[in-house]
Amino acid sequence: MTAVMDRYSRQLMVIGEEGQRRLGQATVAVFGMGGLGTLAAYYLAGAGVGRLYVVDFDTVSISDLHRQVLYAVRDVGKPKVEAAAERLRSVNPHVDVVPIMENVELPLAAELAGKADVLVDAFDNWASRHILNKAAVRAGKPLVHGAVDNWYGHVTVVLPGKTPCLHDLFGRFARAPMCVGQCPVLGPVVGIIASIMATETLKLVLGMGDALAGRLLVVDAKRMSFDEVKVARDPSCPVCSTGPRTK
Amino acid sequence: MPVKVKYIASISEITGQLVEHVDVGGETTLRELLALLSERHPGLGGRVFRGDALADDIIVLVNGRSIDWLNGLETKIREGDEVTIMPPAGGGTD
């Protein structure tokens, strides 16, 4: 018990024993073990989230290492979720890390949305994001969404029934193609966005602070500018509206 | 009160600024506003329009709502509105 308290001593001063207990009882599912997912998962495991699902179908490439902080050269070629789980367990063996090497379709997203308290959208493509968004809305579970490109990134929290869902805001991107070749991105910019996503996830589990809900935080690291766009639900959204679809 | 236009990510690279305040003289449409901004900022029109339509990979929010759920490019823009123009930052990045 003392060792556990030592492990969390610095954050206990912030969240208290009740907060630590809440984290230990929580389940979080992180979708995408790329740049955003690896750093977010690291912080969530370190903080002592009880169960952590990590989901990705891909293997580690050498070009991942500049931003995907859980992997090393020895992991190149390994399934990301296996390498990530091993590293996360080494950081905090008290966390039940569950690796799932699968391409995410609606049945898997729905299953994990049923099990998790918070869902983390760290995908690299909009089609998968929209699948997860649909599952989150149906299950009524909070969804922490983040995305990066080049020097830029954004984050928002979807609270089904209270805030716009991803379809409200980004429905147009549902079939947007992935980058041709490799997406341009700077490692630390991914880190900024992933850190904010992990912070929001912890806040949701803890019930502390004001969630980044109904607000789209936009980060421009080239100018080091943080701006906020207040976003609103649309009554005709076909995913999250209970009203008739009008368009 | 002018319209506040926010340029996100690569759109701000075209305009050279993150925010611009535009006097629309009461009321206009989004199409007219974007046409005006395209005259001011070379390259913007080619990025946000595909022919007469909004490009598939551009999102425009008016007061935080996607124009896809409003009236598209014919959405009315009034003094004091906030318009956000953004490309898809979709990477996670796997």
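## Salt bridges within chain A

A:Glu18, A:Arg21 and A:Arg22 are linked in a network of salt bridges, a salt bridge being a side-chain nitrogen of Lys or Arg within 4 Å of a carboxyl oxygen of Asp or Glu. Over all chains, a search of the whole structure finds 22 salt bridges. This is a predicted model, in which local features need pLDDT of at least 70 and side-chain atom pairs count only at pLDDT 80 or more, while totals for chains, interfaces and linings use all residues. Residues are numbered from 1 along each chain as its sequence is written, chains are lettered from A and ligands numbered from 1 in the order in which they are written, and side-chain values use heavy atoms, with hydrogens and water left out.

A:Asp64 pairs with A:Arg67 in a salt bridge whose closest N and O atoms are 3.6 Å apart. Both A:Asp64 and A:Arg67 are buried; buried means under 20% relative accessible area, exposed over 50%, and partly exposed in between (1.4 Å probe, protein chains only). A:Lys78 and A:Asp75 form another salt bridge, with 3.3 Å between the closest N and O atoms. Here A:Lys78 is partly exposed, at a relative accessible area of 32%, whereas A:Asp75 is buried, at 4%.

## Interface of chain B and chain A

The contact takes 47 residues from chain A and 33 residues from chain B, where contact means heavy atoms within 4.5 Å. The size of an interface is often given as the accessible area lost when the parts come together. Between chain B and chain A the buried area is about 3,100 Å², and carbon and sulfur atoms give 53% of it; buried area is the accessible area (1.4 Å probe) that two parts lose on being put together, summed over both.

There are 11 residue pairs in polar contact between chain B and chain A, both residues being at pLDDT 80 or more. A polar contact is a pair of N or O atoms within 3.5 Å; within protein, one must be able to donate a hydrogen and the other to accept it, and residues adjacent in sequence count only if both atoms are side-chain atoms. On the side of chain B that touches chain A, the elements that give two or more residues are α1 (10-15), β6 (59-62), β7 (65-66) and β9 (82-86) of chain B. Helices (H or I, at least four residues) and strands (E, at least two) are DSSP runs, numbered from the N terminus.

The rule finds four salt bridges across the interface of chain B and chain A. In one of them, B:Arg65 meets A:Asp234, with the closest N and O atoms 2.5 Å apart. The side chains of A:Arg172 and B:Asp68 also form a salt bridge, at 2.8 Å from N to O. A:Arg172 lies in the loop between α7 (166-170) and α8 (187-206) of chain A, and B:Asp68 in the loop between β7 and β8 (76-78) of chain B, so the pair joins two chains. A:Arg172 is partly exposed at 24% relative accessibility, and B:Asp68 is buried at 17%.

## Strand β7 of chain A

Strand β7 of chain A (residues 215-220) is largely enclosed by the rest of the structure, because five of its six residues are buried. Four bridges join β7(A) to strand β6 (residues 152-158) of chain A, and the two run antiparallel; two strands pair if DSSP finds at least two bridges between them. In this pairing A:Leu217 of β7(A) stands opposite A:Val155.

Six bridges join β7(A) to strand β8 (residues 225-230) of chain A, again antiparallel. A:Arg215 stands opposite A:Lys230 in β8(A). The hairpin of β7(A) and β8(A) has four residues between the strands.

## Positive phi values

Most residues other than glycine have a negative phi. A:Met224, in the loop between β7 and β8 of chain A, has a positive phi near 45 degrees. A:Asn150 also has a positive phi, of about 65 degrees, although it is not a glycine. A:Asn150 lies in the loop between β5 and β6 of chain A and is partly exposed, with a relative accessible area of 30%.

## A:Lys141

A:Lys141 is found in the loop between α6 (126-139) and β5 (143-149) of chain A. It is buried, with a relative accessible area of 18%. Not counting residues up to four places away in sequence, A:Lys141 touches several residues, including A:Ala116, A:Asp117, A:Val158 and A:Pro160.

The side chain of A:Lys141 reaches the backbone oxygen of A:Ala113 at 2.8 Å.
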